[in-house]
Structures are given as C-alpha cells and as structure tokens.
Amino acid sequence: MILQHIADGLLSGAIVALGAIGLSFTMKILRFANFSHSELLTWGAYFAVIFFAVAAVIGGGYGTPIAPFSFGWPLLAALLVTAALTSLLAIALHHLVFARLNRMAGHMTMVFASFGVALLLRHLLVLIFGPAPLYYSSALQFAMLLPGGVRVMPDQVFLLGLTVVVVIALHLFLTRSRTGISMRAVAENPDLARVSGVDVGRIVMWVWIIGASCAAVAGVMYGLTVQLRPELGFSLLLPLFAAAILGGAGSLYGAVIGGLAVGLSENLSVMIIPTTYKPAVPFLMILLVLYFRPEGLFGERR
Amino acid sequence: MIRRVRAAAAGLAAIAATFAMAGAASAVECPVKLGAVLPVSGPMGQVGERIAQTGQFAVELFNEAGGVKGCPVEYVLRDTQGQPTVGVDAAKSLVELEGVPALVGAISSGVSLPILTSVAVPSKVVQISCCSSSETFTQLAKEGKTDGLWFRTYATNRSQSAMAALLATKAGFKKTAVIYVNTDFGVGLANRFKEDVVKLGGGLGEVVAYNESQQSYRAEVTKALQGNPDSLFLIAFPVDGATITREWLALGGTDNLIVNNSLRSDDYFDAVGRQYLKNLIGYDSAQPRLPSVATFNELFEKRFDSPPNGPGLHSVFDAVTVTLLAMEQADELTGPAIRDAIRAVTKEGGTEVHPGPDGIRRAKELIAAGKPIRYVGATGALSFDENGDVQAPKMVWKLIDGKNTEVEYYSTEDIARLIAKLDN
C-alpha cells in the first residue's frame with residue numbers, strides 16, 4: 001500500500017507544483033503573498049468549460065479520446081486557450097488592483113487586497129456557473145494496474161509528464177532567454193535592474209503570464225481528474241502556500257519539489273494519522289519550514 | 001366592491017367565532033401559540049422551507065377543526081439558519097417573549113441539541129423534532145437529562161446502521177469497507193455499523209472518515225481500498241459522496257455499494273453516472289401502508305398540488321398534530337402537562353384517530369367525553385418509547401434501468417425485531 005500512497009502523492013503533488021510556481025514567482029518578484037492565486041486555477045478550469053461548450057457548438061466538442069487518456073486533441077487546445085485567457089485575467093487584476101495599490105500600500109494591504117480579489121473571483125464563478133460540481137465529461141476513467149499493485153489514472157500520469165515538460169521549458173527560459181535573465185535580475189534587485197535598462201513593467205507582465213498559465217494548466221487537469229467546483233482553487237490554497245514556502249520564494253525547482261513534497265506528505269500521512277487530520281499536514285509543514293529554515297529549501301538567506 | 005364587503009363580512013364572522021370560542025374556554029388565552037424553530041435559510045434552506053410549510057399546513061387543518069381548547073392556533077416560526085447559536089436565540093425568544101409551551105424543531109441534531117439543553121429543559125417546554133436522528137438524544141434521555149420533554153417523530157440512527165448491516169450480510173458480503181462523513185451523524189452511524197455488521201455475520205474492512213467539502217478524496221479512498229474489500233458502505237451527502245464514489249470506482253474499488261438515505265438523490269446519481277451504479281443498494285425510511293398515511297398524502301396533494309415527496313414532511317406533520325392534540329388533552333398549557341398528554345394521546349388501546357379536520361374533530365369529541373385516543377398519522381401509529389424515540393418502517397431501493405426503485409419493505413415490527421436481535 002505504501003507504493004500506492006507514493007504514487008497518489010506524486011500525482012496530486014504535480015498539481016500543487018504547477019500552482020506553486022506562479023505563487024512562488026509573485027512572492028519573490030512582486031513581493032507580496034497573493035492569496036488570489038489559487039482562484040486562477042479555478043478560473044482556468046472554468047474557462048475550459050466555456051471552451052468545450054463553444055467547441056461543441058462549432059463541432060468537435062470534447063473530441064474522441066486518445067487511448068489510454070480520457071481526452072482528445074481538443075483538450076490540448078483548451079489548455080492553450082485557457083492559459084491565454086487566465087493570463088489576461090491575471091494581467092487585468094494586476095492593472096486594476098495590485099499595480100495601483102503597490103505604489104503606496106504596505107505589505108499587509110496587498111495581502112488583504114488579494115483576499116478580497118479571491119473572494120470576488122470565487123463568488124463570480126458561483127454566480128455564473130452555480131455551486132453544483134461540473135464535469136468536462138461524465139465518463140469515468142478507470143485506473144491502470146501497474147506492477148506492484150499500484151493503480152494510477154492515465155490522465156494523472158499525463159499531468160506529471162506535462163509538469164516535467166513545463167519545468168524544463170521554464171528552466172530554459174529563465175537561464176537562456178534575455179527576458180528570463182532579466183526576470184531573475186528584477187527578482188534580485190528591481191532598482192538595480194531598472195537602472196541597468198531592464199523594462200520592469202514588461203517583466204512583471206511575464207511573471208503574471210507564467211504564473212497564470214501554469215495555474216490554468218493545473219486547474220484544467222485537476223478538473224479533469226476530479227471535478228470542477230467553485231472552491232477548487234480555494235481548497236488548494238494551503239497546499240500551494242506550503243509548497244511555495246517550503247521550496248523558497250522565487251525558486252522554480254523549489255516550488256516543484258515543494259509541491260511534490262506536500263502531495264507525498266499528505267498522502268503518506270494517512271498511514272499514520274487518522275484521515276480527518278490530513279488537511280492539517282500542509283499547515284504543519286509551513287510551521288516546520290518557518291521554524292527551521294525560514295528561507296525555504298532553495299531560497300537565499302537575506 | 002362586493003368582494004371587499006364579502007371579505008369584511010368573513011373577517012367579522014371569524015372575529016365573532018373567535019369570541020364565541022373564547023367564551024366557551026375561558027381557561028386559556030387566545031390564540032394558542034405553537035413555536036417552530038426551523039432552518040428556512042442557509043444550507044438546509046430548501047428542505048427547511050418545505051418542512052416549515054408542512055408544519056403550517058398541519059396547524060391550518062387543526063384550526064379548521066376548531067383549534068385548541070376553542071382557540072385558534074398561531075404557528076410562530078423562527079429561522080435557525082441551520083446554526084446552533086441562531087437556533088438557541090430563536091427558541092429563547094419564542095419561549096420568553098412569545099410564551100410558547102411547546103417547540104417544534106429543529107432539523108439538524110447539532111441545532112436541536114443546544115436548544116434542548118439550554119432552552120427547552122431549563123424552561124420546562126416540550127420540544128419535538130421532525131428530523132434529528134442522532135443517538136445523543138437517546139443517551140441524554142436515559143440519563144434523565146431531558147425530563148421527558150424531548151420527543152421526535154423520526155427514527156434514530158440506530159435503525160440506519162442495522163439496515164446497512166442487514167443489506168451487507170444479506171448480499172453475502174464478507175468484507176465491507178466504510179467511508180463516513182466526519183460529523184456527529186456520520187461518526188455515530190459508522191461506530192454502530194462496525195458492531196452491527198459483525199453481529200450479523202459480516203466482516204469489516206477499513207473504516208475511514210472524511211472531512212466535508214474537499215476537492216479530492218484519493219488518500220481516503222486508497223486507505224479504504226486496503227485489504228481488497230468486496231463492498232463499501234458510504235455514509236455521505238450527495239456532492240462529496242459523488243467525488244468519493246468516482247474516485248473509489250476509478251481506483252479499482254468494487255461497485256458493490258451500500259449508501260445511506262441522503263444519497264438517494266438525482267444529483268448524486270447524475271454526478272457519478274447511473275451506468276456505474278448498477279449494483280448500488282440503499283435504504284431509506286418509509287411510510288407504513290396505512291389508511292391514515294394515504295389520508296395525509298391526499299390532503300397534502302390537494303393543498304400543495306404535489307405529492308409529499310421530500311425529507312421530513314410526514315414527520316413534521318405528525319410532530320405538529322400530536323403536539324396540538326396533546327394541548328387539547330392537557331389540563332393546562334404548560335410544558336410538563338403537554339409532555340404527559342403526548343403520552344396519553346399516543347397510548348395503545350385508545351380509539352384511533354386520523355389526520356385531517358374530520359379526524360381532529362372526532363378526536364376532540366372523544367377527548368371532551370373523557371375517552372382515551374390514539375393518534376395514527378402521516379407516519380403511522382406514533383409510539384414513543386421511554387426516551388421519546390419512535391421506530392419507523394424502512395425500505396430498500398436500487399437503481400433499476402437508471403430509475404430509483406423501491407425493492408423491499410420492512411415494517412416497524414421487522415425493524416424492531418432486527419434491532420432487538422442486534423442489541424442482545
């Protein structure tokens with residue numbers, strides 16, 4: 001059974017990892033804890049609902065599943081479209097709320113503003129789509145039996161693979177491209193970056209685009225493997241923060257390893273403690289990290 | 001104009017009638033008040049609203065037969081919003097400001113309990129619930145902490161675990177896993193089931209609790225799958241229940257599912273997909289096959305243009321009617337007098353009386369003549385045990401061709417026998 005818990009932990013950790021990348025970047029580069037980040041996952045997932053509805057009208061719809069997955073090519077298109085839409089949403093929020101406040105507001109004001117934005121975003125979804133859970137497809141995907149008696153769903157394995165691809169792409173982007181290097185410069189010292197000729201405003205846009213796109217992919221994949229609810233992102237808020245804090249703000253690999261660690265510890269914890277205490281595990285992780293290594297595993301001591 | 005005159009005339013007639021009746025029974029103040037504390041808003045709002053309306057309907061029928069002790073009955077409804085604190089405040093204001101001698105409510109055990117302990121018992125007011133099924137009340141009554149003021153017209157959890165255990169063992173399952181909601185209701189039911197299923201010769205797999213409103217229950221499901229159980233008893237509510245069922249089936253769990261009555265809902269069937277629920281089996285409370293039940297169903301349908309399909313409608317009707325009959329029977333309108341009168345009007349051996357204005361009129365004549373009556377109502381013959389609990393018949397349902405269909409019926413006596421067998 002331990003193998004099954006490890007598999008479940010890695011697979012659910014992949015979602016947390018993708019979500020935590022954006023959170024970690026905004027924490028480091030924009031310098032505030034964005035409590036509305038989890039809502040970007042939810043919006044991404046619901047944007048895909050609209051995409052499939054429109055696709056159904058145009059023709060094609062959900063498409064024919066490509067074995068062994070439960071989805072077809074339209075899902076990949078949906079991932080791209082929702083990533084773009086969610087990025088637009090994030091940029092709009094930045095201009096309407098965060099950029100305006102950031103000039104004069106303190107750290108706590110930003111945190112509370114992001115709380116407010118989170119509430120607004122979540123309840124807008126309740127208003128539009130209703131509180132009842134939705135499914136992209138009502139068909140149920142059955143798990144594959146792997147050697148060792150481990151059962152995994154093909155969709156989740158796809159997600160884990162996708163996470164690896166995204167992380168490699170982001171790694172290349174941050175180390176090889178000019179924009180990526182500028183981004184790291186802004187993270188280090190925005191003032192120095194600005195006098196060195198870096199367009200900080202453009203970099204901030206890129207942070208939102210990367211964060212929101214990863215969140216949208218995580219949201220759609222979560223919606224695909226479980227279900228869509230307006231509380232989808234909210235229920236992941238604590239795991240996301242635990243992962244970002246554990247990994248260290250601004251660290252790509254930190255966020256990914258943090259996410260996997262959160263997933264693993266949540267799933268393995270049920271072998272020792274009653275399942276009802278499982279939601280407390282990310283809390284415990286945040287406490288331990290803040291106590292022993294406040295800068296996170298991959299963060300730099302300031 | 002004519003209509004207005006007619007309305008005025010009718011109003012005058014009503015006032016005159018009220019005066020005439022007041023003259024006949026000078027001992028009580030008119031109108032007689034009955035308090036109701038029910039959640040008409042909040043998460044239980046939809047269910048609560050229907051229950052509250054049915055309570056009002058029972059009062060209307062009673063008033064049609066002349067009210068209590070010659071006085072019209074006023075049904076004073078207060079909202080609990082499904083919250084214990086709001087419920088207690090509402091009950092307090094009913095007792096202290098409105099002076100009601102009896103309270104109908106609440107729905108959730110978690111709300112009824114604080115009302116009972118901090119309002120009804122200290123103020124010596126009768127409390128009768130249509131829907132609270134927790135066994136905590138039975139325990140309190142046994143310890144003498146309710147002063148006998150607590151009644152309910154809805155069967156307790158006791159019969160639910162017995163039914164689930166019966167279903168598991170009758171199907172020949174050898175190892176039943178349990179996933180249950182981590183609330184008073186779920187914990188109580190799961191603990192009972194653990195004992196019951198073994199007593200009936202079944203076996204137990206992993207017993208796993210879950211917290212409500214989480215996105216995914218993979219860890220819980222994986223844990224419950226340990227040891228390859230051949231069946232699952234799921235104690236849940238529709239939304240989370242659907243998530244758990246989907247993950248359970250996807251991860252290779254058996255489709256031999258036994259579910260509690262809350263999952264007898266189209267929301268649940270549709271969310272999971274009916275094609276996966278062919279071997280699902282569930283239980284629910286049922287109405288006995290009696291003429292009094294049919295009478296209620298007819299009266300209800302005439303008034304609301306729809307059959308009384310919904311949780312708590314039959315039981316709240318009886319809760320209100322039996323309380324009003326007891327008020328009629330009682331010498332004075334105080335909690336303890338009504339408490340004793342509830343026993344009197346449900347005693348075996350009395351002349352049977354049925355719901356509806358005619359039945360109530362007959363009951364009042366018998367009471368006036370000093371003859372014992374026994375109320376047989378929308379849930380059948382109410383026979384409160386020493387703890388204020390009732391037993392109810394149960395039914396078993398399945399999805400046949402995707403349609404929720406009753407497949408078996410267990411009478412009150414069958415259930416009592418089953419529980420007696422389990423408790424010895």
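The views below come from a predicted model.

View 1. Strand β12 (residues 373-377) of chain B joins β13(B) through two bridges, in the antiparallel sense. Within β13(B), A381(B) stands opposite V376(B).

**View 2. A five-stranded parallel sheet in chain B.** This open sheet has the strand order β2-β1-β3-β4-β5 (chain B), and its pairing is parallel. At its edges are β2 (73-79) and β5 (150-152) of chain B, each pairing on one side only. From one strand to the next, the twist averages 25 degrees. Strand β1 (residues 32-38) of chain B runs parallel to β2(B), and seven bridges join the two. One bridge partner pair is V37(B) with R78(B), the latter in β2(B).

**View 3. Helices across the five-stranded sheet.** Helix α4 (residues 109-123) of chain B lies across β1, β3 (102-105), β4 (126-129) and β5 of chain B. Relative to β4(B), α4(B) runs at about 170 degrees. Helix α12 (residues 313-329) of chain B lies across β1, β2, β3 and β4 of chain B. For α12(B), the angle of about 170 degrees is taken to β3(B).

**View 4. Antiparallel pairing around β14 of chain B.** Strand β10 (residues 281-285) of chain B pairs with strand β14 (residues 394-400) of chain B. Their pairing is antiparallel, over five bridges. D284(B) has M395(B) of β14(B) as its bridge partner. β14(B) also pairs with strand β15 (residues 403-410) of chain B, again antiparallel. Seven bridges link β14(B) and β15(B). Here W397(B) has E406(B) of β15(B) as its bridge partner. The two strands form a hairpin with two residues between them. In that turn, D401(B) has a positive phi of about 50 degrees.

**View 5. The two domains of chain B.** Domain 1 covers 12-154 + 289-381, and domain 2 covers 157-279 + 393-423. The centres of the two domains of chain B, taken over C-alpha atoms, are 33 Å apart. Seven residues from domain 1 of chain B and six residues from domain 2 of chain B make the contact. On the domain 1 side, six of the contact residues are polar, one is charged and none is nonpolar.

**View 6. Where chain A meets chain B.** The contact takes 27 residues from chain A and 26 residues from chain B. α1 (2-30) and α10 (252-269) of chain A each supply at least two residues of the chain A side. α1(A) gives the most to that side, with four residues. By class, the chain A side has 12 nonpolar, 10 polar and five charged residues.

**View 7. Helix α4 of chain A and its cover.** The end C-alpha atoms of helix α4 (residues 107-129) of chain A are 33 Å apart. M110(A), A113(A), S114(A), A118(A), L121(A), R122(A) and L125(A) are buried in α4(A). Their cover includes α2 (37-58) and α3 (73-102) of chain A. Just after α4(A), G130(A) takes a positive phi of about 80 degrees.

**View 8. The surroundings of A243 in chain A.** A243(A) sits in helix α9 (residues 237-247) of chain A. A243(A) counts as buried because it has 33 C-beta neighbours inside 10 Å, and the cut-off for a buried residue is 20 or more. Leaving out residues up to four places away in sequence, A243(A) touches V16(A), A17(A), A20(A), A255(A), G258(A), G259(A) and V262(A). P294(A) is 51 residues from A243(A) in sequence and 13 Å from it in space, C-alpha to C-alpha.

Technical notes: Residues numbered from 1 in each chain as written. Chains lettered and ligands numbered in written order. Predicted model: local features only at pLDDT ≥ 70, side-chain atom pairs only at ≥ 80, totals over all residues. Domains from an automatic or database assignment. Contact = placed C-beta atoms within 7 Å. Nonpolar A, V, L, I, M, F, W, Y, C, P; charged D, E, K, R; others polar. Expected span 1.5 Å × (residues − 1). Buried ≥ 20, exposed ≤ 12 C-beta atoms within 10 Å, placed from the backbone. Pairing = 2+ DSSP bridges. Axes fitted to C-alpha atoms, helices over the stretch in contact; angles between N-to-C directions.
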